[in-house]
Amino acid sequence: MNHEQRTPFHAIEYACTADIVPPQEVVIRIQSLVILFLQSITAERPSIMGLSMICRSKENSHGTRSFFGEDEPLFLSHLTYSRPFSNKKFTKAFVRVWMVLRISYKLLEEGKHATQRELFYRLLSEAPNYFRCQKQVNDAIQDVVAVVKCSRYSLGILASSRGSVTGRLLIQEPDGAVLDCTNTGSAGQVITGDLNCIQNWRFQSDARYILVVEKDAIFQRLQEDKFFYSVPCIIITAKGYPDLASRIFLHQLRCTFPMFPIVALVDWNPAGLAILCTYKFGSVRMGLETSTYVCDVKWLGLRSRDIQLVSKESFIPLTAKDRQLATSLLSSKMLQNKKAYQEELTHMLEFGGRIEIEALYAHGYSFLGKYIAQKIVERDYI
């Protein structure tokens with residue numbers, strides 16, 4: 001049976017995931033890799049062993065729909081490929097993987113953790129010829145996850161976080177301290193990048209909804225207006241494309257409060273929908289960790305039917321990058337069964353413009369809360 005013919009019941013069996021693994025097990029996996037590497041270079045015919053890793057490509061990504069018709073995340077199969085040292089195209093990437101493995105091994109031995117940003121500065125000072133930007137570090141970490149088949153947290157690496165939460169939520173920390181998210185400042189309660197901490201938080205809430213907003217400015221407006229008192233909700237923002245910690249935090253809320261609908265407020269443009277899809281489906285690049293962070297997020301707004309609420313002066317022409325992203329989303333596997341999403345993207349391309357949430361302020365600052373409340377009450381989301 002090929003993967004196109006598989007039923008939803010086979011999805012979990014078919015998926016390859018990077019699980020949370022005890023430090024001693026990760027250390028053994030790294031040691032095994034080192035032994036195999038040493039054997040390859042000390043053999044009768046020495047060679048440099050290629051790195052075998054899970055293939056993170058569109059060709060190895062799969063999407064499913066559950067028995068109940070709900071959308072489920074993208075996942076990767078167990079297909080692997082070897083990254084050779086001898087290929088000049090991969091030489092530096094090959095070395096980067098080993099350097100991250102070395103640091104990870106040392107962190108685990110010492111019982112410590114480091115953020116991706118801390119890793120970048122350390123690697124920049126130790127190997128400036130191999131690491132020149134944060135993306136190269138992030139990519140190398142993802143490669144290590146694909147080689148060792150465990151989560152980045154298991155490697156001693158913390159997710160950098162920029163997310164915040166506010167609203168009707170009490171967070172009990174492991175030491176017993178309780179954080180009341182209704183009493184935070186305009187910036188909200190910062191979401192920690194320590195994934196173990198997030199998973200050990202205990203939540204209490206009398207909310208009925210979880211609202212995810214794309215922009216920090218919108219988050220601060222809703223916090224200042226105490227929107228969560230008029231509509232009982234928990235409000236989260238990752239200030240743009242969501243970081244891993246914010247996604248895992250949202251997933252934890254979803255597991256604790258499975259009956260709370262999760263709705264998202266994003267700009268009406270291809271990037272806004274891409275942000276929503278990252279929460280909802282995950283991404284190919286991080287496909288090994290999707291089971292720990294994806295949620296069934298509904299699209300509240302902005303949508304094409306909201307164009308009438310915005311003046312023509314607020315329309316912003318689509319850029320070439322916008323159009324390229326829209327085309328990519330339309331052809332993606334995750335949206336093949338999402339006709340409403342495809343229609344919105346097609347409308348964006350035909351309309352030739354995009355609309356930002358702030359355009360609603362033309363009706364006054366209080367209009368935003370009324371707009372969201374009406375959408376939620378009428379269940380006007382897809």
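The axes themselves are lines fitted to C-alpha atoms, for helices over the stretch in contact, and the angles run from 0 to 180 degrees between N-to-C directions. The structure described here is a predicted model, in which local features need pLDDT of at least 70 and side-chain atom pairs count only at pLDDT 80 or more, while totals for chains, interfaces and linings use all residues. Residues are numbered from 1 along each chain as its sequence is written, and side-chain values use heavy atoms, with hydrogens and water left out.

The protein holds 13 helices and 17 strands; helices (H or I, at least four residues) and strands (E, at least two) are DSSP runs, numbered from the N terminus. Of its 382 residues, 50% count as buried, where buried means under 20% relative accessible area, exposed over 50% and partly exposed in between (1.4 Å probe, protein chains only).

Arg323, Ala326, Leu329 and Leu330 of helix 11 meet Gln342, Leu345, Thr346 and Leu349 of helix 12. These residues divide into 5 nonpolar, 2 polar and 1 charged; Ala, Val, Leu, Ile, Met, Phe, Trp, Tyr, Cys and Pro count as nonpolar, Asp, Glu, Lys and Arg as charged, and the others, Gly among them, as polar.

On the side of helix 10 the contact involves Pro270, Leu273, Leu276, Cys277 and Lys280, and on the side of helix 12 Tyr341, Leu345 and Met348. By class, the contact has 7 nonpolar, no polar and 1 charged residues. Leu345 takes part in the contact with helix 10 and in the contact with helix 11.

Helix 4 (residues 116–126) has Gln116, Leu119, Phe120 and Leu123 as its buried residues. They cover an arc of only 105° around the axis, taken from the directions from the helix axis to the C-beta atoms, which puts them on the same side of helix 4. An α-helix has 3.6 residues a turn, so residues three or four places apart point the same way. The cover over the buried residues of helix 4 includes helix 3 (91–110), strand 5 (114–115), helix 5 (134–148) and strand 6 (157–158).

Helix 4 and helix 5 pack at an angle of about 110°, with axes 9 Å apart, and are therefore roughly perpendicular to each other. Helix 4 passes helix 5 in a right-handed crossing. The contact is made by Gln116, Arg117, Leu119, Phe120 and Leu123 of helix 4 with Gln134, Val137, Asn138 and Ile141 of helix 5. It comprises 5 nonpolar, 3 polar and 1 charged residues.

Helix 13 (residues 367–377) has 8 of its 11 residues buried, so it is largely enclosed by the rest of the structure. The buried residues include Phe367, Tyr371 and Ile376. Packed against the buried residues of helix 13 are strand 12 (209–213), helix 7 (216–224), helix 8 (227–230), strand 14 (262–265) and strand 15. Arginine 379, with a positive phi near 55°, follows helix 13.

Most residues other than glycine have a negative phi, and most peptide bonds are trans. Lysine 149, in the loop between helix 5 and strand 6, has a positive phi near 60° and is partly exposed at 33% relative accessibility. Its C-alpha lies 8.1 Å from that of isoleucine 54, although the two are 95 residues apart in sequence. Isoleucine 54 belongs to strand 1 (residues 51–54) and is buried, with a relative accessible area of 0%. A cis peptide bond, with omega about -15°, joins glycine 301 and leucine 302.

How values were computed
Contact means heavy atoms within 4.5 Å. Angles under 35 degrees count as roughly parallel, over 145 as roughly antiparallel, 65 to 115 as roughly perpendicular and the rest as oblique. A crossing is left-handed if the near helix is turned anticlockwise from the far one by less than a right angle, and right-handed if clockwise.
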